[in-house]
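Please look through the protein shown below and keep its sequence at hand while you read.

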Amino acid sequence: MRATGARRHVVAALLVAVTLTGCARAAELPRRAYGALVNHFNEWAAARSPVAEQVPAEVRRFRSTRTPARIAAPARIEIPSIGVRSELDRLDLLANGTVAPPPRWQTAGWYRRGAKPGQRGPAVILGHVDSNTGPAVFHRLRELAIGDVIRIISKDGTIVRFAVHRSAHYPKA
């Protein structure tokens, strides 16, 4: 089945955002682009929900007054199938509005202004593929296969598990 223009745009944007998490140049994801991507995806997903037309407008506008469960910040990432075991540095924005790259080649980082893994919305994990002296933390990222497990261990010991659903590769340019 072919994707429609709008859907193709959203799918491509999501794939780029996810793919960039393993690239050394992922630091160039601007804050506005990240927010726009999240909003665009949420609107797209809500509009295509199979039950969206069946839910009254009052219900769709409802916002809970309950506080959602707090999720601790991520501390480590493990991807057993490609041998990744890394602490996660907390990454923020640089003065030019781009995400700071992880300062250490062998350590991945989590963009702290985004969602925490396990929260609603995209959580961004960045890591270098290579370094000046050889392979870096995500040098085997291309070897991920559908179904491979990715574990994020939070500071409180909670483990959030993800499975690879799809993979795409894009040139740095």
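The notes below go from the whole protein to single residues.

This is a predicted model, in which local features need pLDDT of at least 70 and side-chain atom pairs count only at pLDDT 80 or more, while totals for chains, interfaces and linings use all residues. Residues are numbered from 1 along each chain as its sequence is written, and side-chain values use heavy atoms, with hydrogens and water left out.

**Confidence**

- The mean pLDDT of the protein is 76, and 59% of its residues reach 70 or more, where pLDDT is the predictor's confidence in each residue, from 0 to 100.
- Among the elements of the protein, strand 1 has the highest mean pLDDT (97), whereas helix 1 (residues 5-20) has the lowest (42).
- Over residues 1-29 the pLDDT is below 50, although this stretch has 51 contacts in the model beyond near neighbours in sequence; contact means heavy atoms within 4.5 Å.

**Overall make-up**

- The protein has three helices and six strands, which follow the pattern α-α-α-β-β-β-β-β-β along the sequence; helices (H or I, at least four residues) and strands (E, at least two) are DSSP runs, numbered from the N terminus.
- Buried residues make up 33% of the 173 residues, where buried means under 20% relative accessible area, exposed over 50%, and partly exposed in between (1.4 Å probe, protein chains only).
- Of the contacts with a separation of 6 or more, 53% are between residues 24 or more positions apart.

- Six strands form an open sheet in the order 4-3-2-1-5-6, with mixed pairing; two strands pair if DSSP finds at least two bridges between them.
- Strand 4 (125-126) and strand 6 stand at the edges, each with a single partner strand, so one side of each is left without a neighbour in the sheet.
- Strand 3 and strand 4 run antiparallel and are joined by two bridges, and the bridge partner of Trp 110 in strand 4 is Ile 125.
- Strand 5 (residues 149-154) and strand 6 (residues 159-163) also pair in the antiparallel sense, over five bridges, and Ile 152 has Val 160 as its bridge partner in strand 6.
- The hairpin of strand 5 and strand 6 has four residues between the strands, and Gly 157 takes a positive phi near 90° in this hairpin.

**The nonpolar cores**

- A nonpolar core is a set of buried Ala, Val, Leu, Ile, Met, Phe, Trp, Tyr and Cys residues joined through side-chain atoms within 4.5 Å.
- Of the 15 residues in the largest nonpolar core, Ile 77, Ile 79, Val 84, Ile 125 and Phe 138 touch the most other members.
- Strand 1, strand 2 (84-91), strand 3 (108-111) and strand 5 each supply at least two residues of this core.
- A second, separate core of six residues includes Leu 91, Leu 93, Tyr 111 and Leu 126.
- In soluble globular proteins, nonpolar side chains tend to be buried together.

- Pro 74 is in strand 1 (residues 74-79) and counts as buried because its relative accessibility is 2%.
- Although Pro 74 and Lys 155 are 81 residues apart in sequence, they are 5.9 Å apart in space, C-alpha to C-alpha.
- Glu 78 also lies in strand 1 and is buried, with a relative accessible area of 10%.
- The side chain of Glu 78 makes a polar contact with the side chain of Arg 85 (3.5 Å); a polar contact is a pair of N or O atoms within 3.5 Å, and within protein one must be able to donate a hydrogen and the other to accept it, while residues adjacent in sequence count only if both atoms are side-chain atoms.
- Ala 108 is in strand 3 and counts as buried at 0% relative accessibility, and its C-alpha is 7.8 Å from that of Ile 77, a residue 31 positions away in sequence.

**A residue in a loop**

- Ser 131 is found in the loop between strand 4 and strand 5, where it counts as buried at 16% relative accessibility.
- The side chain of Ser 131 reaches the backbone nitrogen of Thr 133 at 3.1 Å.
- Leaving out residues up to four places away in sequence, Ser 131 touches Trp 105 and Ala 136.
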